[in-house]
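Please look over the protein shown here.

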Amino acid sequence: MRITTIGATATAVAVLASPITSTPTPATVPAAPAASVVSKPAKAASVHGEARISYIESVHDDIRFTIHAEQTPFTRPMPPTAPEGLSTDARGTLKFSHSRGEVTGWAEATVDCLVTSGRTATLTAVVTKSNVEEPGARLGISVQQGGKGKPDRLGFSWGVVNVDPENVDENGQLVRPQAGSCMAPAPFTTVIKGGYKVIHAEITKSPTQPEPAPHHS
């Protein structure tokens with residue numbers, strides 16, 4: 001993948017109990033039912049939204065990102081080191097477009113990792129269709145939801161970041177390294193239209209590894 005200007009240019013538990021009275025219950029009245037416990041699904045980390053950004057290297061270009069991502073822990077097995085998958089496994093879609101005059105670079109990608117902290121999220125997605133990226137390339141995105149009148153921000157793993165000076169092609173041109181899962185730079189651009197909603201959730205502890213079966217002589 002060459003560097004180009006266009007495209008590349010918790011668990012909440014609710015306890016519902018019957019009221020407890022201090023008056024003795026007559027023998028003829030059935031005892032009150034035991035308290036029932038209703039468990040709600042764990043809150044999932046997510047980020048959703050669509051926005052146009054202002055990028056210092058292309059201030060007159062129309063650059064837009066649409067993100068719909070939700071964390072789905074332990075859904076992407078990676079044997080043998082992580083047979084259950086990772087706590088940051090995720091699903092969703094990423095789309096971006098970068099227009100300059102009559103030329104538009106674009107890509108669609110499938111989200112594979114998401115992690116959050118407060119109003120900030122980082123995610124990665126693997127390209128499925130594009131006119132500027134190779135299918136299978138992993139892209140890293142960061143999002144910061146603004147607050148108190150401040151704009152949202154976004155970062156992406158190409159352009160001015162993720163450069164390995166020794167990684168060049170046969171013509172001596174820099175080749176951008178692939179982003180690792182959930183790896184993305186700080187959100188270095190500003191949203192000028194639209195925005196994103198980040199929902200934070202702590203990552204889930206990895207499942208306990210099974211105990212080895214006892215050895216019988």
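The report below goes through a predicted model, section by section.

## Overall make-up

The protein has ten strands and zero helices. Read from the N terminus, the order of its elements is β-β-β-β-β-β-β-β-β-β.

The protein has 217 residues, and 33% of them count as buried. Its accessible surface is about 13000 Å², with 56% of that area belonging to carbon and sulfur atoms.

Strand S3 covers residues 46-54, and strand S4 covers residues 62-71. S3 and S4 are paired in the antiparallel sense, over eight bridges. Within this pairing, serine 46 has glutamate 70 in S4 as its bridge partner.

S4 also pairs with strand S5, residues 90-100, again in the antiparallel sense, and here there are ten bridges.

S5 in turn pairs with S6 in the antiparallel sense, over eight bridges. Strand S6 takes in residues 103-117. Arginine 100 stands opposite valine 103 of S6. The hairpin of S5 and S6 has two residues between the strands, and in this hairpin glycine 101 has a positive phi near 65°. In a regular strand, side chains alternate between the two faces of the sheet.

## The disulfide

How many disulfides does the structure hold? There is one, and it joins cysteine 113 to cysteine 182 with an S to S distance of 2.1 Å. Cysteine 113 is part of strand S6, while cysteine 182 sits in the loop between strand S9 (153-156) and strand S10 (189-199), so the bond ties together parts that are 69 residues apart in sequence.

The torsion about the S-S bond of cysteine 113 and cysteine 182 is about -105°, and the disulfide is therefore left-handed. Are the two cysteines buried or exposed? Cysteine 113 counts as buried because its relative accessibility is 2%, under the 20% cut-off. Cysteine 182 is buried as well, with a relative accessible area of 8%.

## Aromatic pairs

The count of aromatic pairs comes to eight. One of them joins tyrosine 55 and phenylalanine 156: the ring centres are 5.2 Å apart and the planes stand at 75°, so this pair is edge-to-face. Planes over 60 degrees apart are needed for that label. Tyrosine 55 lies in the loop between strand S3 and S4, and phenylalanine 156 lies in strand S9, so the pair ties together parts that are 101 residues apart in sequence. Both tyrosine 55 and phenylalanine 156 are buried.

Phenylalanine 156 also pairs with tryptophan 158, their ring centres being 4.8 Å apart; with the planes at 45°, the pair is tilted. Tryptophan 158 is buried, as is phenylalanine 156. Which residues do ring pairs link into a cluster? They are Tyr55, Phe65, Phe96, Phe156, Trp158 and Phe188.

Val163, Val168 and Leu174 make a nonpolar surface patch of about 200 Å². Leucine 174 is located in the loop between S9 and S10, the loop that also holds cysteine 182. The relative accessibility of leucine 174 is 32%, so this residue counts as partly exposed.

Threonine 204 is found in the segment after S10. Its relative accessibility is 40%, and threonine 204 therefore counts as partly exposed. The C-alpha atoms of threonine 204 and leucine 86 are separated by 8.9 Å, although the two residues are 118 residues apart along the chain.

Definitions and conventions. Residues numbered from 1 in each chain as written. Predicted model: local features only at pLDDT ≥ 70, side-chain atom pairs only at ≥ 80, totals over all residues. Heavy atoms only, no water. Disulfide = S-S within 2.5 Å. Helix = DSSP H or I, 4+ residues; strand = E, 2+ residues; numbered from the N terminus. Buried < 20%, exposed > 50% of the residue type's maximum accessible area, 1.4 Å probe, protein only. Pairing = 2+ DSSP bridges. Phe/Tyr/Trp six-rings, centres within 6.5 Å; stacked < 30°, edge-to-face > 60°. Patch = residues over 30% accessible without salt bridge, like charges linked within 9 Å, V, L, I, M, F, W, Y side chains within 5 Å. Areas by Shrake-Rupley, 256 points an atom, 1.4 Å probe, with all protein chains shown as cover. Salt bridge = Lys/Arg side-chain N within 4 Å of Asp/Glu carboxyl O.
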